[in-house]
Amino acid sequence: MTMHKAVPVSVDAMLEDLKTLVEIESPSRDLDALRTSAEAVAAVIENRLGGQAVLVESEAGPHVHWAAGGDPKVLILGHHDTVFPLGTLERRPFRAEEGHATGPGVFDMLGGLVQAIHGLAALDDLSGVEILVTADEEVGSRSSRALIEERALACGAVLVFEGAAEGGALKTGRKGCGTFQVSIAGRASHAGLEPEAGVNALVEAAHQVLDIAALGRPDIGTTVTPTVASAGTLDNVVPAEATVIVDVRVESVEEKERIESAFAALAPHLDEAEIAVQGAVGRPPMPESTSTELFAVAEKLLPGLEGRAVGGGSDGNFTAALGVPTLDGLGAVGGGAHADHEYLVIDAMAERANLVAGLVTALQDLADNENV
């Protein structure tokens, strides 16, 4: 497949910048590491695009914002935090060999950031382009959501550089997702001498797990999956406390509301047991309708490109929920997000950099025509 109006990009230069970012480990919530990472991202942006990248301070670490100037027209959105703890690099160093780049964060999503920056660097006109690279996407985007939404509304179109779906497909829709924690309070007693004097939080948790799992409606895209449970202290003590953590994915706002209401209505099965629920579907669904126009442009630029709705969430969920046209999965082609076999396909880097250049040019033209 060939791009229309291909722009010159250097794969070697992209790999050089990718190596720089990967070798600065940036686990979520590690504020010192995230500051170093944000400074490195800002330096790459300034080196390739000029101007000034501003560090936006937050309790989750610095976000990086860069604007070319002029009326805002398109937001390039990504994150620089990763899921890998410090020390992962020593075990899994950056390598570029046999057609793949590997190392912590190459696919999710440092490769996408580098491709976007180099695609933009090939353009003569960047007016109206903004870049926002956040520090807390992997842990819920609580400190960055307001800024993401503000800049998305100002720009009117969002390109998200998360890794591509399987085979290089773009992500045209995403499920809403959230995490719930169900805390159960019982009463301890001696398991041998007087078990009946206790209120067994573990038994109550077992009832709740079955009730919670039954909330799923996979036929309409709703999955409700208990993932982590804990209870008890010693093998001869009736457990006084238990917790259950649940992953939820939904395709519609109606299902988001149904699930949240169902968790709020959970009731104990055992006398004197108490239940407390925390959590919500924090990322709203990203409906495919918000990507239709942008995907049509991408398809013209790269004939044969596929679009796919996926289960995982991203910051694009927030922008799409506002009704801002949003296209996701524009980042690296590869796989293994959050896993030890994470990789990026080197041969696809230039094509993806060209795709961002073409999309940005098209969005600039569209905005200019609307303002005539």
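**Figure 1. The cavity of the predicted model.** The structure holds 1 cavity of 30 Å³ or more. This is a predicted model. The volume of the largest cavity is about 50 Å³. Its lining is made up of Leu21, Val22, Ile24, Glu25, Ser26, Thr82, Phe84, Pro104 and Leu110. By class, the lining of the largest cavity has 6 nonpolar, 2 polar and 1 charged residues. Glu25 is one of the lining residues, and Glu counts as charged.

**Figure 2. Helix α2 and its neighbours.** Helix α2 covers residues 31–49, which makes 19 residues. From its first C-alpha to its last, α2 reaches 26 Å. That is close to the 27 Å expected at 1.5 Å a residue. Which residues of α2 are buried? They are Ala33, Leu34, Ser37, Ala38, Ala40, Val41, Ala42, Val44, Ile45 and Leu49. An α-helix has 3.6 residues a turn, so residues three or four places apart point the same way. Look for that spacing along the helix. Among the buried residues of α2 are Leu34, Ser37, Val41 and Ile45.

Figure 3. Just after α2 comes Gly50. Gly50 takes a positive phi of about 75°.

**Figure 4. The largest pocket.** About 830 Å³ of space lies in the largest pocket. Its lining holds 32 residues. Which of them lie nearest the centre of the largest pocket? They are Glu137, Glu138, Gly140, Cys177 and Arg283. By class, the lining of the largest pocket has 8 nonpolar, 13 polar and 11 charged residues. Helix α4 supplies at least two residues of this lining. The largest share, 5 residues, comes from β12.

Figure 5. Is Cys177 buried or exposed? Cys177 is buried, because its relative accessible area is 13%, and buried means under 20%. Cys177 is also one of the residues nearest the centre of the largest pocket. Cys155 counts as buried too, at 6% relative accessibility. How many disulfides does the structure hold? The structure holds 0 disulfides. A disulfide is a covalent bond between the sulfur atoms of two cysteines.

**Figure 6. The second largest pocket.** The second largest pocket has about 280 Å³ of volume. It is lined by 15 residues. Nearest its centre lie Gly156, Ala157, Leu363, Leu366 and Glu370. Helices α8 (292–301) and α10 (349–371) each supply at least two residues of the lining. Which of the two helices gives the most to the lining of the second largest pocket? Helix α10 does, with 5 residues. The lining of the second largest pocket divides into 9 nonpolar, 2 polar and 4 charged residues.

**Figure 7. Val237 in its loop.** Val237 sits in the loop between β10 (223–231) and β11. With a relative accessible area of 25%, Val237 is partly exposed. Leaving aside residues up to four places away in sequence, Val237 touches Ala188, Ser189 and Ala191. Val129 is 108 residues apart from Val237 along the chain. The C-alpha atoms of Val237 and Val129 are separated by 61 Å.

Figure 8. Find the bond that runs from Asp108 to Met109. This peptide bond is cis. Its omega is near -5°. Met109 has its place in helix α4.

**Figure 9. Two positive phi angles outside glycine.** Glu272 is not a glycine, yet Glu272 has a positive phi of about 75°. Glu272 lies in the loop between α7 (253–264) and β12. Is Glu272 buried or exposed? Glu272 counts as exposed, because its relative accessibility is 57% and exposed means over 50%. His338 is not a glycine either, and its positive phi is about 70°. His338 is placed in the loop between β15 (334–335) and β16 (343–345). At a relative accessible area of 45%, His338 is partly exposed.

Note on methods. Residues are numbered from 1 along each chain as its sequence is written. This is a predicted model: local features need pLDDT of at least 70, side-chain atom pairs count only at pLDDT 80 or more; totals for chains, interfaces and linings use all residues. Side-chain values use heavy atoms; hydrogens and water are left out. A disulfide is a pair of cysteine sulfur atoms within 2.5 Å. Buried means under 20% relative accessible area, exposed over 50%, partly exposed in between (1.4 Å probe, protein chains only). On a 1 Å grid over the protein atoms alone, a cavity is a set of points where a 1.4 Å probe fits but cannot get out, and a pocket is an open set with protein on both sides within 12 Å along at least five of seven lines; lining residues have an atom within 4 Å of a point. Grid points are joined across faces, edges and corners, and a volume is the space filled by probe spheres set on the points. Helices (H or I, at least four residues) and strands (E, at least two) are DSSP runs, numbered from the N terminus. The expected span of a helix is 1.5 Å times one less than its number of residues. Contact means heavy atoms within 4.5 Å.
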